[in-house]
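Let's take a friendly walk through a few residues and their surroundings. Have the model open as you read.

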Amino acid sequence: EKRKRVAGELRSITSEEVAKHATPGDCWLIVRGHVYDVSQFASIHPGGDIIHLGAGIDATILFESYHLDGVDERRLEKYRIGKLANPTESFYTWDSDFYPTLRSRVSKYFKDNNLSHRGDMRMYLKTLLIM
């Protein structure tokens, strides 16, 4: 079983191990320091195959960019297989006020201007260029 707990904690997985799982059929990604195996979920992902852009890497920015209203924690838990063993430091932490404030402002902008944050080809191209 991929998902094992050690002394009540999720197992520790290195970014090098995650990088070995970078194909559509074997797709692990990192979001906010947690490792997810989304291999089975990718084919039914509501946003399509853009999820594969995060395969084998830290996909936190990609995840946060596309999930402006958040994702149900129970859904995430279903695919969580571990925590990142070697997290990198960032100026802002994901539990600070910065990202929720940014997300709510971006979400409000999209709603106020009747814009969709999904499916626009320009958004996919920008994402590819950023990554």
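Phe41 and Tyr79 are both buried, where buried means under 20% relative accessible area, exposed over 50% and partly exposed in between (1.4 Å probe, protein chains only). This is a predicted model, in which local features need pLDDT of at least 70, side-chain atom pairs count only at pLDDT 80 or more, and totals for chains, interfaces and linings use all residues. Residues are numbered from 1 along each chain as its sequence is written, and side-chain values use heavy atoms, with hydrogens and water left out.

Rings of Phe, Tyr and Trp (its six-membered ring) pair if their centres lie within 6.5 Å; planes under 30 degrees apart count as stacked, over 60 as edge-to-face and the rest as tilted. The count by this rule is 1 aromatic pair. Phe41 and Tyr79 form a tilted pair, because their ring centres are 5.2 Å apart and their planes are at 45°. The pair links distant parts of the chain, 38 residues apart: Phe41 sits in the loop between strand E6 (34-37) and helix H2 (60-66), and Tyr79 in helix H3 (residues 73-79). Helices (H or I, at least four residues) and strands (E, at least two) are DSSP runs, numbered from the N terminus.

| Residue | Relative accessibility |
|---|---|
| Ser107 | 8%, buried |
| Arg80 | 8%, buried |

Arg80 belongs to strand E7 (residues 80-84). Its side chain makes a polar contact (N or O atoms within 3.5 Å, one able to donate a hydrogen and the other to accept it within protein; residues adjacent in sequence count only if both atoms are side-chain atoms) with the side chain of Glu77, at 2.5 Å.

Ser107 lies in helix H4 (residues 98-112).
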